[in-house]
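Open your viewer and get ready to click along with this tour. At each stop you will select a few residues and then read what is there.

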Amino acid sequence: MAKQVRQLDRVVIRFAGDSGDGMQLTGDRFTSETAQLGNDISTLPNFPAEIRAPAGTLPGVSSFQVHFADYDILTPGDSPNVLVAMNPAALKANIGDLPRGADIIVNTDEFTRRNLTKVGYAANPIEDGSLDGYALHPVALTSMTIGALTDLDVSKKDAERAKNMFALGLLSWMYSRPYESTIRFLQRKFAKRPELVAANIAAFKAGWNFGETTEDFAVRYEVNPARMPSGTYRNITGNAALSLGLIAAGVRAKLPVFLGAYPITPASDILHELSKHKRFGVTTMQAEDEIAAVGAALGAAYGGALGVTTTSGPGVALKSETISLAVALELPLVVIDVQRAGPSTGMPTKTEQADLNMALFGRHGEAPVAVIAPRSPADCFHAAIEAARIALTYRTPVLLLSDNYVANGSEPWLLPDVDSLPDLRVEFATEPNDPDGRSFLPYLRDPRTLARPWAVPGTPGLEHRIGGLEKADRTGDISYDPANHDYMVRTRAARIDAIEVPDVDVEDPDGTARTLVLGWGSTYGPVGAACRTLRQRGLPVAQAHLRHLAPLPANLGDVLGRYDRVVIPEMNLGQLAHVIRARYLVDAIGYNKVRGLPFTATELETMLEEVVKNV
């Protein structure tokens with residue numbers, strides 16, 4: 001008898017297991033299958049910092065959450081509808097996030113006395129009734145996978161490793177996901193080892209067939225495609241989008257792109273991705289340290305390239321002296337900081353927004369730079385282009401603040417029309433610019449942008465002095481004159497203030513809101529989801545989101561003045577709130593979280609409801 005098929009509008013699934021169980025790969029493949037069906041998607045990978053954390057322990061749990069729906073969604077979801085737990089540690093680490101009635105699929109083979117004791121279970125939760133409030137599905141994933149591969153020429157160890165594909169096949173059947181792309185993926189991934197191709201495909205099909213035949217799963221689910229603007233989409237992570245944005249910026253500027261980088265979590269994937277695209281004029285250099293990386297990028301900018309360096313918070317600290325040099329030299333430089341939880345090494349694989357103060361003020365002397373922040377994985381593409389636009393137009397370093405949540409999360413990205421991207425071409429200085437026509441003044445400024453001319457080394461007649469010592473106005477000669485130093489400091493600041501950025505938009509549908517929620521960076525999704533829910537409940541609330549943090553939009557003061565209460569949720573201890581209070585004398589309410597985890601829409605909804613009702 002055919003099984004019942006039930007329609008759902010949204011589902012949140014979390015795959016969890018040891019860091020060696022392939023949960024990131026499993027989640028990524030499920031996401032790719034889902035993307036093919038046209039659902040809107042948002043994902044949240046969560047994994048240990050260690051390459052191989054202790055097996056079976058709580059610190060060693062790795063998970064991947066995917067939220068997919070038939071409508072526009074903004075977050076990876078607050079609470080999973082389905083948890084796939086590959087061992088007791090995965091169950092214990094994630095059970096607190098599940099609502100009652102959620103489906104739990106557990107790998108019973110791993111619920112041994114030793115593994116239960118390792119994570120503090122006095123009794124087996126599968127048997128003691130503690131999971132009675134959930135829809136529990138005990139499945140012998142490991143032994144069933146080994147059994148399915150008995151006739152194949154693979155070791156027992158390799159057969160056990162394929163259990164994640166069994167789980168993927170089962171979930172793909174449960175939620176009516178296509179599987180052809182996963183078969184092709186496995187054929188490519190293990191092309192050099194045909195026995196592993198056969199083993200993983202067999203495990204995947206065994207999981208699919210188990211779902212089809214077992215009585216434990218009586219219902220199969222479908223989630224219809226989301227209504228989205230027409231066009232070509234691909235699933236993309238924030239780091240991949242930043243990489244493609246930098247490539248696009250180089251193409252639109254007709255400049256080579258040079259990336260100087262030292263590997264650091266969670267920014268390393270940008271180096272990995274850009275290294276694949278030499279055909280677009282991209283050169284990548286893995287430097288011996290962070291200082292060498294930014295020095296090479298600044299040298300490339302001096303030589304006429306789009307210079308880029310990528311890092312996380314500890315690396316920005318090391319790069320700060322060279323960023324200050326770029327301020328003094330007034331050369332374009334894009335510095336991408338994929339923020340993580342600190343201080344110091346902190347929690348490398350967890351998310352935080354705590355580098356804003358460092359981006360705004362973290363340099364010696366008066367050394368202002370432009371600062372922008374993408375709001376989502378797909379938005380990283382456009383943020384990278386915007387960072388390049390500002391750097392090239394105004395001859396300044398630009399700090400782009402992504403974070404681990406955005407960098408490793410993914411969502412559908414509508415491929416843009418290339419011709420619609422901004423024209424970033426620059427005019428290099430090619431001849432003397434002194435009124436007498438005989439000499440070159442490297443610090444003679446454009447009256448609109450206050451940018452100085454960009455002269456490629458070796459251009460005849462444009463020889464000029466560079467270095468970190470203070471420059472004389474116009475000539476660029478070394479100067480210790482007090483009045484000149486005052487002028488140059490103020491001019492460099494005025495150049496940042498002169499940057500043209502769009503006005504901040506306000507989402508206030510009926511115009512009756514008295515509370516404004518102001519966010520920046522990756523808080524956009526959960527803030528937007530919370531505000532959307534409150535409005536549906538009849539509680540008016542406005543939302544504004546900042547991409548440009550230095551300079552701030554010109555209309556921000558007027559926007560803030562229209563509301564009785566301004567709430568600023570941040571994954572730090574109130575860094576933007578401090579800036580807003582100081583700049584606009586607004587008594588902003590900070591709502592702060594530093595747990596290495598993103599906000600959930602529910603916690604923001606609860607907090608904002610209290611504020612809105614008490615305005």
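**Stop 1**

Select helix α1 (residues 23-36) and helix α7 (residues 180-189): they pack at an angle of about 135 degrees, with axes 10 Å apart. Axes here are lines fitted to C-alpha atoms, for helices over the stretch in contact, and angles run from 0 to 180 degrees between N-to-C directions. Helices (H or I, at least four residues) and strands (E, at least two) are DSSP runs, numbered from the N terminus.

α1 and α7 are therefore oblique to each other; angles under 35 degrees count as roughly parallel, over 145 as roughly antiparallel, 65 to 115 as roughly perpendicular and the rest as oblique. Now show the side chains of L25, R29, E33 and Q36 on α1, and of S181, T182, F185 and K189 on α7, which make the contact (heavy atoms within 4.5 Å).

A word on what you are viewing: this is a predicted model, in which local features need pLDDT of at least 70 and side-chain atom pairs count only at pLDDT 80 or more, while totals for chains, interfaces and linings use all residues. Residues are numbered from 1 along each chain as its sequence is written, and side-chain values use heavy atoms, with hydrogens and water left out.

**Stop 2: the nonpolar cores**

Which residues touch the most other members of the largest nonpolar core? Select I336, V371, L518, L546 and L576, out of 94 residues in that core. A nonpolar core is a set of buried Ala, Val, Leu, Ile, Met, Phe, Trp, Tyr and Cys residues joined through side-chain atoms within 4.5 Å. Buried means under 20% relative accessible area, exposed over 50%, and partly exposed in between (1.4 Å probe, protein chains only).

Helix α14 (residues 379-394) gives the most to this core, with eleven residues. Another core, of 45 residues, lies apart from it and includes F15, F30, V84 and I183.

**Stop 3**

Go to A89 in helix α2 (residues 88-94). Its relative accessibility is 1%, so A89 counts as buried. Leaving aside neighbours within four places in sequence, A89 is in contact with G56, T57, L58, V61 and V119.

Finish at T75, in the loop between β4 (61-69) and β5 (82-85). Is T75 buried or exposed? Its relative accessibility is 9%, so T75 counts as buried. Not counting residues up to four places away in sequence, T75 touches S42, H67, Y405, G525, P526 and A529.
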